[in-house]
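Subject: Structure for your review

Dear colleague,

Please find below a structure that I am handing over to you. My findings follow it.

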Amino acid sequence: MVIGFFMILLDQTIVAVATESLEQSLGAGPNEIIWVTSAYLLAFAVPLLFTGRLGDQIGPKKATIIGLVIFTGASLWCGLSGSIGMLIVARVVQGFGAAMVSPQSLSVITRVFRQESRGAAMGVWGAVAGIATMVGPIAGGLLVDSVGWEWIFFINVPIGVIAVLAVLRLVPSLPTSTHKYDVVGIVLSAIGMFLFVFGIQQGSERDWGAVYVVMIIAGVALMATFIWWQSKVRTEPLVPLRLFQNRNFAVGNGAISTMGFVVAGTMVPLMMFLQLVMGLSAIKAGLVLVPMAVTSGILAPFVGRLADRVDPRVLTVIGYGSMAGAAFWLAIVMSPTTSVPQIIGPMILLGIGNGFVWAPTSSTTMRTLDLKIAGAGSGVYNTTRQVGAVIGSAAIAAVLQTRMTSHVAEGADPHTALANGLSDAFFLPAAVILVGALITLAFRTPGRREQGERAGTAPQDS
């Protein structure tokens, strides 16, 4: 399950270092290159509420296999694309496959592992989630500079085949709920999410024209209507609102949205700084992130095991606080004369933050959910993270543009303006993730009574 999850998260950031290669190979302009990533994120985010619920209804194993087949086939299509338009369409299909896979891994962990061992499983999941977002630029740089941009997609094909075979062989077929589909809810959520995400993505690139502001407002209105509708559905709502009666679930969704914001709001600007300001090649820029990935990979399983025994607030405050400290640190040291050694410290601190964020947040959020709606809960959780990512990428782009314009007006040359603008922009994700730390203080340590409230078949260790 985590092999597939790793692959789809990798593809959120792996394209970041291929911009120049795509421009030269496919003759694409900057706006078209942006859509290579935006199309994937859009197709990934919009269906998540539906695909999470679908996993409850047809089974997470079946949903995962369908999603992996779609994602793997679309990856091959991406690599074979001969035009930027074809690549964007293939990325849309790839994003939908990712949306099928993403909610299922968290749902399976919640349903298969017992309470006392679930934190360790979440630790593995958390290590994968944290490392994948950081390995993307590293792997992308190595592949683009050595064998070409096509291989950032071709590499998914053997991994996808292995993942499908492993799921068929190893993942149990879990009980499903009745097959009833909230068609009105699906339509409202899909259109609302599309308008909101598309409006933010394009608004940030087109000076927030009136049409995009209207789309965002309409998206919010439709999502509000969707929530009202969910309260009226008495059979099988797409998102059971009783999910949010669980305090830890509500708190965890608020916290993980800030993490999504920060990951999307820092990785691409950081790669811009390393390559455009510091002049590093794609490979060298990717290697700067190695200390972050290694630190996170070492810590996450260890922290996951602690999540079963330690107050989650201790772990999450360390994690979110470290992320905030690293972002503030980067904002301070980033300048036209920054050297690689000055970046290593913040990278290690980011790795510590990642290691302490994913497993405790996810484990505490999902721990006491009714097993019958674990897929729906996972869908909501992943949607919240993705919406945070979309807002983060748009917000950081807007702040960067504003600050660069300001520095140019003050007489800075373009290179200095870019460096200083990126430095200023990093204060935003630093502040947002600090809010995430404060949100997690509202987590409640699950007691015996809460642990016994869950309905459904008791999970088994695997």
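Within the largest nonpolar core, which has 125 residues, the members that touch the most others are Leu22, Leu87, Met259 and Met347. Such a core is a set of buried Ala, Val, Leu, Ile, Met, Phe, Trp, Tyr and Cys residues joined through side-chain atoms within 4.5 Å, where buried means under 20% relative accessible area (1.4 Å probe, protein chains only). Helix α12 supplies the largest share of this core, 13 residues. Another core, of 6 residues, lies apart from it and includes Leu299 and Phe356.

This is a predicted model, in which local features need pLDDT of at least 70 and side-chain atom pairs count only at pLDDT 80 or more, while totals for chains, interfaces and linings use all residues. Residues are numbered from 1 along each chain as its sequence is written, and side-chain values use heavy atoms, with hydrogens and water left out.

Leaving aside neighbours within four places in sequence, Met347 is in contact (heavy atoms within 4.5 Å) with Leu270, Val288, Leu289, Pro291, Met292 and Leu330.

Asn156 lies in helix α9 (residues 156–170) and is buried, with a relative accessible area of 0%. Residues up to four places away in sequence not counted, Asn156 touches Met7, Asp11, Phe71, Thr72, Ser75 and Gln94. Asp11 is 145 residues from Asn156 along the chain, yet their C-alpha atoms are separated by 9.1 Å. Helices here are DSSP runs (H or I, at least four residues), numbered from the N terminus.

Yours sincerely

Note on methods: Buried < 20%, exposed > 50% of the residue type's maximum accessible area, 1.4 Å probe, protein only. Helix = DSSP H or I, 4+ residues; strand = E, 2+ residues; numbered from the N terminus.
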